[in-house]
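The sequence and the structure are shown first, and the description comes after them.

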Amino acid sequence: MQTLPAESVDAVITSPPYAMQRRSTYGGVPESEYPAWTVAWMAEVRRLLKPDGSAIINIRPHIKNGQISDYVLRTRLALREVGWNEVDELIWFKRSSPPTGSPRKPRRSWESLHWFAKHGQPWSDAKALGIKTVPPTNKKGWFLSENAKNNGWEHSFAGSNKQPTIARCMDVAEINLGRPTESDRSNGVAHPAPYPPALAAWVGKLVCPPGGTVLDPFSGSASTGVAAIRNGWDYIGIDAVEEYVEMSRRRLSAVEAA
Ligand SMILES: C[S@@+](CC[C@H](N)C(=O)[O-])C[C@H]1O[C@@H](n2cnc3c(N)ncnc32)[C@H](O)[C@@H]1O
């Protein structure tokens, strides 16, 4: 990141290594050091982000000794202490999550996306993800969506003559883990902890302006890059493991060629 120019990035979308849960494959950071380690790499993100840019961090703490591990909480507070504004928390709902963890507890099926920015009003477009609706009444105001997909409350600003409006997206997205595509299989794309490109696309549409630049400093198999190519954003991916960088090059070339 130190080689990149200041204020050149619109959005950071990333899933950093989770404390020590993946240490056998790509290393990890001890929980006690996690807040300071995150503050350090986010300082470089701060330099690279445009004034209205956003950083989205996907992480959910594991359960340790019957209790939620506190390192993510401490990390969020540490980021606030050094001046980051925590804009919101978005939820990735994974109906297809595997049945791991304690059999005495519900299956863990969601993860957080922590939205940080330099101030409280970063660039965003909640309607880029919205659904076109036709208000059912002539009145301005809130109404319950008739669109099963949106499944919630919407607001009609138009109010009159039932013009279609675009409702804002919800702060929860249901995106399944999915299986590797044929192209990924033939390019040997395999990573121990990928998120789906659709997740990066969902949140990217919210925080990255059209034609903007997205950075993933822990890019793994470049799922963020796949979303970037499909949505017309420039993409910079960084990973500490050379094998993942090579894998990413193959994957992104195939997506560009498709
Ligand atoms: C959770 S994975 C990201 C997976 C990615 N979102 C995907 O869909 O493939 C975290 C990545 O961070 C990388 N990583 C760990 N420490 C790093 C460091 N200090 N600098 C850059 N990358 C690092 C790992 O190699 C791993 O690929």
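## The chain as a whole

The structure is a predicted model. Its protein chain contains seven helices and 13 strands. The chain has 258 residues, and 43% of them are buried. Among contacts in the chain with a separation of 6 or more, 71% are between residues 24 or more positions apart. The accessible surface of the protein chain is about 13,900 Å², and carbon and sulfur atoms account for 53% of it.

## The ligand and its surroundings

Which residues come nearest to the ligand? Of the 18 residues around the ligand, these are His-191, Tyr-195, Ser-221, Ser-223 and Asp-239. Sorted by class, the shell consists of eleven nonpolar residues, six polar residues and one charged residue.

Ser-221 places a polar side-chain atom 2.6 Å from an oxygen atom of the ligand. In Tyr-195, a backbone N or O atom is 3.0 Å from an oxygen atom of the ligand. For Ala-240, a backbone N or O atom is found 3.1 Å from a nitrogen atom of the ligand. The ligand taken alone exposes 600 Å², and the protein buries 88% of that area.

## Helix 6

Ser-223, one of the residues that come nearest to the ligand, also belongs to helix 6, which spans residues 223-231. The buried residues of this helix are Ser-223, Thr-224, Gly-225, Val-226, Ala-227 and Ala-228. What covers these buried residues? The cover includes two helices, helix 5 (197-207) and helix 7 (242-257). It also includes strand 1 (9-14), strand 12 (213-216) and strand 13 (234-237). After helix 6 comes Gly-232, which has a positive phi near 75°.

## Salt bridges

Side chains of opposite charge can pair when their charged atoms come close. How many salt bridges does a search of the whole structure find? The search finds twelve.

| Salt bridge | Closest N to O distance |
|---|---|
| Glu-86 and Arg-76 | 2.8 Å |
| Glu-182 and Arg-185 | 2.9 Å |

Glu-86 and Arg-76 form a salt bridge with their closest N and O atoms 2.8 Å apart. This pair links distant parts of the chain, since Glu-86 is in strand 5 (residues 85-93) and Arg-76 is in helix 3 (residues 71-81), ten residues apart. Glu-86 counts as buried because its relative accessibility is 14%, under the 20% limit for that class.

Lys-94 is in the loop between strand 5 and strand 6 (110-117), while Glu-111 is in strand 6, so the pair ties together parts that are 17 residues apart in sequence. Both Lys-94 and Glu-111 are buried.

Glu-182 and Arg-185 also form a salt bridge, at 2.9 Å between the closest N and O atoms. Both residues belong to helix 4 (residues 182-186), where they are three residues apart, about one turn of the helix. Is Glu-182 buried or exposed? Glu-182 counts as exposed because its relative accessibility is 55%, over the 50% limit. Elsewhere, salt bridges that share partners join Arg-76, Arg-80, Glu-86 and Glu-89 into one network.

With a relative accessibility of 10%, Asp-10 counts as buried. A polar atom of the Asp-10 side chain is 2.8 Å from the backbone nitrogen of Thr-213. Leaving aside residues up to four places away in sequence, Asp-10 touches Leu-49, Lys-50, Gly-53, Ser-54, Val-207, Cys-208, Pro-209, Gly-212 and Thr-213.

Gly-130 is in the loop between strand 6 and strand 7 (131-133). Its relative accessible area is 21%, so Gly-130 is partly exposed. With residues up to four places away in sequence again left out, Gly-130 touches Ile-166, Ala-167, Arg-168 and Cys-169. Gly-130 and Cys-169 are 39 residues apart along the chain, yet their C-alpha atoms are separated by 4.6 Å.

Definitions and conventions:
Residues numbered from 1 in each chain as written. Predicted model: local features only at pLDDT ≥ 70, side-chain atom pairs only at ≥ 80, totals over all residues. Heavy atoms only, no water. Buried < 20%, exposed > 50% of the residue type's maximum accessible area, 1.4 Å probe, protein only. Helix = DSSP H or I, 4+ residues; strand = E, 2+ residues; numbered from the N terminus. Contact = heavy atoms within 4.5 Å. Near = heavy atom within 4 Å. Polar contact = N/O pair within 3.5 Å; in protein donor to acceptor, adjacent residues only side chain to side chain. Areas by Shrake-Rupley, 256 points an atom, 1.4 Å probe, with all protein chains shown as cover. Nonpolar A, V, L, I, M, F, W, Y, C, P; charged D, E, K, R; others polar. Salt bridge = Lys/Arg side-chain N within 4 Å of Asp/Glu carboxyl O.
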